[in-house]
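Here are my notebook entries, written as I went along. Have the coordinates open beside you and follow me through.

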Amino acid sequence: MTVDITLIVLMAVFFAAGIYLLLERSLTRVLLGLILLGNGANILLLAMSGGGGKSPLYVAGTPPEDYTDSLPQALILTAIVITFAVTAFLLGIIYRSWVLGREDDVQDDPEDRRVADQPSYDYEDDADIAADTTEFSEPDDDASATSDAGGPAAAGARADRPGDAR
Amino acid sequence: MIAADLAPLAVVLPFLGAAVTFLLIRHSRAQRAVSITTLSITLLIEVVMLLAAPSAGTHAVRLGGWEPPFGIVLVVDQFSALMLVVSSAVSLAVLIYAAGQGMADGDEDGPVSIFHPTYLILVAGVSNAFLTGDLFNLYVGFEILLTASYVLMTLGGTAPRIRAGVTYVVVSVVSSMLFLIAIAMIYGATGTVTMADLAVKLESVDPATQMVLHLMLLVAFGIKAAVFPLSFWLPDSYPTAPAPVTAVFAGLLTKVGVYAMVRVETLLFPGDRINTLLMVVALLTMIVGILGALAQSDIKRLLSFTLVSHIGYMVFGLAISSRIGLGAAVYYVAHHITVQTSLFLVTGLIERRGGTANVDRLGGLAKLSPLLGLLFFLPAMNLAGIPPFSGFLGKLGLIQAGVELGTPLAYVLVAGGVLTSLLTLLVMARVWNRAFWRSPADAEDPDPILLASKADGSRVGTSRHVTGDDTGKFAGKDPVTLLPGTMTGPTIGLVALGLALTVLAGPLFALSDDAAQEMLDRTPYIEAVLGPGADG
């Protein structure tokens, strides 16, 4: 198999630039990175088809090696269409992100932050004796039992909760 | 003409349905009818194929009459037939649930008119990926299902969904690029993309090159299957999507990745060169995933983490790569698709009934709706692996395979599997205790809908209409049925399917065992595609 060095170098440049852009936080740059990566992959496919040759139209008597390999070109065509569609869609959501929040950056997940911020102490799971949550006890018993069992932390936590009033 | 010749219909019918529903975009009733009918017929065809598969053996359908290795083949064996049936049954249930959600809210446009065509295209992509015997066609199948999933993920275009959608799309595109690059390199090394042909030709490729190709494919599929350390995108993006969409993603998309990994390991690169790596990865996936679930309080996020964790079990079976290990992995995939999807559907119902999916704000659901309690409890125990459910049987098979292998690492993996199972039980018990068992008054800032009571002091019934709630999510709408039959029905069906996996465990395990043997032999697959005597 012959390999075209120009194609390989071009592919390497595309991949390098694509990965660099992909690591940015700006979404437009990420999109450009993905486009470059897609084109790099297509060039790699082209390079893998070997050297050029005659167009693959059947002419009697031509040895098979003289034809160019057309399968990778069909694969590239499919890949180009797919990359095109995905790029269009990504542009759409990047625009939407801009419309919604004037943001072109990758956003943090607020729920991630909330989970990271939550205290490691969980009064329901970690209290010495589990807080009494039975529905049958009187409200007065309930309050005193909890402050005895769970200590000040549990009592405080219960008092803070707005839904406690029955 | 045998049953397996119907295989192209499993891909073509959903596409046809997608086209018709797209034309009917202004008529949501007709859309619903068409998409549900299409999927039902597809499921029926696939059941016929599955029933015929054990006697017919592996069968290849040549598309357009092109002989392999030049044309594309669809290959039906017991593994792909089983996956098709399970995935279609699950997607049909989710479709009915989603349609029911739209109807129950009295919203003629709901979910969104684009939902039905996109959903059917997703199903077509999944079927294509399960059936194809051509590596590039597998790439196309992945792209079909991924592109459809991008649209479903960002339905409605709200800020949280766009945020999650961007991460999801970029990660998926990168994994597809890796897959495409791997295909290009494989074509350069062998000159073919037909998987059966590759199975023969890759053997003569230099081992170092083989290793590169092998790892490239595994990384690409590992991202799609959410195997640790390539799993971080999943819990970040799945929970924000609408409940039925998350359910179908959790059930199907990662399993397509696992399916592709199984094919790579058994057909293209047999042998145990990287089994140690796979074992370590499986162990880390199980443990890290379930530890993540322990920290979450949102049920959808928590389930996303258990999803990652339980992918580890499938990789576990794959890494053992003995007949019993692989068979257990096949059974586990079928079990996990059903159970994980039903849990996400139930979470959607919890969110409707309780106003939120955050366990800190939920309470008393078991009393408010015993049905909901039962619907959550059964799949939760099933997932945790409590006997006699299918989760227990699958894990038992995996542990048996691990002990049979008997290496120190295999024993560590067995211990990790048992520990993960216990931690899953802990996670599920926490959800149960908080959302279902305690009084709603004990919850932190509970949604008014949980505390709503009628004039005589009794609680509002679950299937009754709720009005006058001006703070909840249904504010400003007409009376809303909280748990409509069209949504609980499919959920009950899926939970029942999960139980059926237990009842039918005998024949199913025999089938997955046979499927594993077929895959390990490789010859049936190669001969079905390339003709007898092709396996050098």
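This is a predicted model: local features need pLDDT of at least 70, side-chain atom pairs count only at pLDDT 80 or more; totals for chains, interfaces and linings use all residues.

How many helices and strands are there in chain A? I counted 6 helices and 0 strands in chain A. Helices here are DSSP runs of H or I with at least four residues, strands are runs of E with at least two, and both are numbered from the N terminus.

Residues are numbered from 1 along each chain as its sequence is written, and chains are lettered from A and ligands numbered from 1 in the order in which they are written.

**Entry: chain A**

I read the elements of chain A from the N terminus on as α-α-α-α-α-α. I then looked up burial, and 20% of the 166 residues of chain A count as buried. The cut-offs use C-beta atoms placed from the backbone: buried means 20 or more others within 10 Å, exposed means 12 or fewer, and partly exposed is in between. For contacts in chain A between residues at least 6 apart in sequence, I found that 50% join residues at least 24 apart. A contact means C-beta atoms, placed from the backbone, within 7 Å.

**Entry: a helix pair in chain A**

I looked at α1(A), residues 5–22, against α2(A): the angle is about 155 degrees and the axes are 7 Å apart. Axes are lines fitted to C-alpha atoms, for helices over the stretch in contact, and angles run from 0 to 180 degrees between N-to-C directions. The two helices α1(A) and α2(A) are therefore roughly antiparallel. On this scale, under 35 degrees is roughly parallel, over 145 roughly antiparallel, 65 to 115 roughly perpendicular, and the rest oblique. I noted a left-handed crossing for α1(A) and α2(A); left-handed means that the near helix is turned anticlockwise from the far one by less than a right angle, and right-handed means clockwise. By class, the contact of α1(A) with α2(A) has 19 nonpolar, 4 polar and 1 charged residues. Ala, Val, Leu, Ile, Met, Phe, Trp, Tyr, Cys and Pro count as nonpolar, Asp, Glu, Lys and Arg as charged, and the others, Gly among them, as polar.

**Entry: where the chains meet**

Which elements of chain A give two or more residues to the side that touches chain B? I first noted that 35 residues of chain A are in contact with 34 residues of chain B. The elements are α2 (27–48), α3 (71–101) and α4 (110–117) of chain A. The largest share, 14 residues, comes from α3(A). I sorted this side of chain A into 21 nonpolar, 7 polar and 7 charged residues.

**Entry: the largest nonpolar core**

I found 220 residues in the largest nonpolar core, and B:Leu82, B:Leu145, B:Ile183, B:Ala282, B:Met314 and B:Val315 have the most contacts inside it. Such a core is a set of buried Ala, Val, Leu, Ile, Met, Phe, Trp, Tyr and Cys residues joined through C-beta atoms within 7 Å. Helix α6 (residues 159–190) of chain B gives the most to this core, 18 residues.

**Entry: two helix pairs in chain B**

I took α4 (residues 115–131) and α5 (residues 135–153) of chain B, which pack at about 155 degrees with axes 8 Å apart. That makes α4(B) roughly antiparallel to α5(B). The crossing of α4(B) with α5(B) is left-handed.

Next came α13 (residues 323–354) and α15 (residues 370–384) of chain B, whose axes come within 9 Å and cross at roughly 150 degrees. That makes α13(B) roughly antiparallel to α15(B), and α13(B) passes α15(B) in a left-handed crossing. The contact of α13(B) with α15(B) has 11 nonpolar, 2 polar and 1 charged residues.

**Entry: two loop residues**

Is B:Ser321 buried or exposed? B:Ser321 lies in the loop between α12 (299–320) and α13 of chain B. I found B:Ser321 buried, because 22 other C-beta atoms lie within 10 Å. Beyond its neighbours within four places in sequence, B:Ser321 is in contact with B:Glu265, B:Asp272, B:Asn275 and B:Leu326.

I ended on B:Glu444, in the loop between α17 (408–437) and α18 (448–451) of chain B. With 19 other C-beta atoms within 10 Å, B:Glu444 is partly exposed.

Conventions: Two residues are in contact if their C-beta atoms, placed from the backbone, lie within 7 Å.
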